[in-house]
Amino acid sequence: DKGLAVFTSGGDSQGMNAAVRACVRMAIYLGCKAYFIREGYQGMVDGGDCIQEANWASVSSIIHRGGTIIGSARCQDFRERAGRLKAANNLVQRGITNLVVIGGDGSLTGANLFRQEWSSLLDELAKNSTITAEQRNKYNVLHIVGLVGSIDNDFCGTDMTIGTDTALHRIIEAIDAIASTAYSHQRTFIMEVMGRHCGYLPVVAGIISEADYVFLPEHPPPQDWPDRLILQLQQASKRSRLMSVSSDFYLAISAAIATEADFMLIPEEPVELLWQDRLCKKLEQERSAGQRLNIVIVAEGAMDREGHPITAEDVRKVIDERLKHDARITVLGHVQRGGNPSAFDRVLACRMGAEATLALMEATSESLPVVISLDGNQTVRVPLMECVERTQAVAKAMKERRWADAVKLRGRS
Ligand code: F6P
């Protein structure tokens, strides 16, 4: 009579629906019950209609849809023990002791805390007779499996997170569109991309449209790769594109490469304090070589080596004041997180969802929580807390401006 519940938490990402569908269908295929928990942790706390049994048909025609059909929320109540007590009761009353959480590192950390507390939560519920002694014993262990749904690709331990590939498509479509109008008017466009603390997407976007330098997960670049990349891009005097990147290393770097970047600003390798001089020199060189446009990509978390933020407006002002270019800003914003998932994200989410259900069904009382990751072309189970701790260590290193440590800790992706 095993069953599982699946929920999505934190910021949405394209492919979450495909993951939900795969979890549900694999559970049904194995003869288990599957539940949705709507609105993330809030739905677990609220119970009622938020927790519903799912069937084969309830996940039909969602694989192609962006966002998450079961809703997502950032939940204050679950941060308090009282909220988690309510959540535990709602699960026990339905006989649910297996959870698939689809979200970022914060959501996965919350799930692990809940698992660790589970026994004491059940003791308390039994003590005040909210659950019976029989329920207390029967539902003694909570199993959780994490799937990382995030466009940022900022989670340590997986080569790709669900949604990153689609966001990358959105970014390069936008850059291609902007480039044509920039060309007509000889303008400079400063494009702000998402990614919080990780600059992957801009770099990969750069790679897929005439790369001068390619990053492969199987061949980690040397420590000084950003300098080498910038040098290489500067030497490539093709079209003039300047990309200043990102809060998100993956987003920023990907887009830069995919769109023929000449220059990048990334959070993990902030530019020197005189970045303005370098920027203007580069733009001037390109224009005097006959180029008609510049594209500068600024990720939302870009900063200099002293940790001062560099915004799209900072970059625009420098270009306007020093070079007198007609410079405009385009903020891509949540467009990057919306729309239909790419083929890659659908397949990734299907494989990860199915593997999550299998991991839960195979779990024993000794099993530790895992996150389903992509390792090369394989979906693998890796210890959840190890990945979460590494991801948090990267954030801490960046906050303390230990950039090289951050890149080292992040590893392959
Ligand atoms: O983590 C995903 C992400 O889209 C980041 O790239 C961005 O910084 C953040 O979420 C935006 O969050 P919100 O939708 O809450 O504004």
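In which sense do S5 and S9 pair, and over how many bridges? They pair in the parallel sense, over three bridges. This is a predicted model. Its largest nonpolar core has 71 residues, and eleven residues surround the ligand.

- Strand S9 covers residues 370–375 and is mostly covered, with five of its six residues buried.
- Leu147 has Ile372 in S9 as its bridge partner.
- Ile372 in turn has Arg381 in S10 as a bridge partner.
- S9 pairs with strand S10 (residues 378–383) in the antiparallel sense, over six bridges.
- The two strands S9 and S10 make a hairpin with two residues between them.
- Gly376, in the turn, has a positive phi of about 65°.

- Asp152 sits in the loop that runs between strand S5 (143–148) and helix H6 (164–185).
- An unreviewed UniProt entry places the feature "active site" at Asp152.
- Asp152 counts as buried because it has 30 C-beta neighbours inside 10 Å, and the cut-off is 20 or more.
- Gly11, Asp152, Met194, Gly195 and Arg196 come nearest to the ligand.
- The shell around the ligand holds five charged, four polar and two nonpolar residues.

**Nonpolar cores**
- Val6, Ala19, Cys23 and Val100 have the most contacts inside the largest core.
- Helix H1 (residues 16–29) gives this core its largest share, nine residues.
- A second, separate core has 32 residues, including Phe189, Trp275, Leu293 and Val318.
- Leaving aside residues up to four places away in sequence, Cys23 touches Leu4, Val6, Ala34, Val100, Gly353, Ala356 and Thr357.

How values were computed:
Residues numbered from 1 in each chain as written. Predicted model: local features only at pLDDT ≥ 70, side-chain atom pairs only at ≥ 80, totals over all residues. Near = placed C-beta within 6 Å. Nonpolar A, V, L, I, M, F, W, Y, C, P; charged D, E, K, R; others polar. Core = buried A, V, L, I, M, F, W, Y, C linked by C-beta atoms within 7 Å. Buried ≥ 20, exposed ≤ 12 C-beta atoms within 10 Å, placed from the backbone. Helix = DSSP H or I, 4+ residues; strand = E, 2+ residues; numbered from the N terminus. Contact = placed C-beta atoms within 7 Å. UniProt positions renumbered as here; feature names shortened; annotations may be inferred. Pairing = 2+ DSSP bridges.
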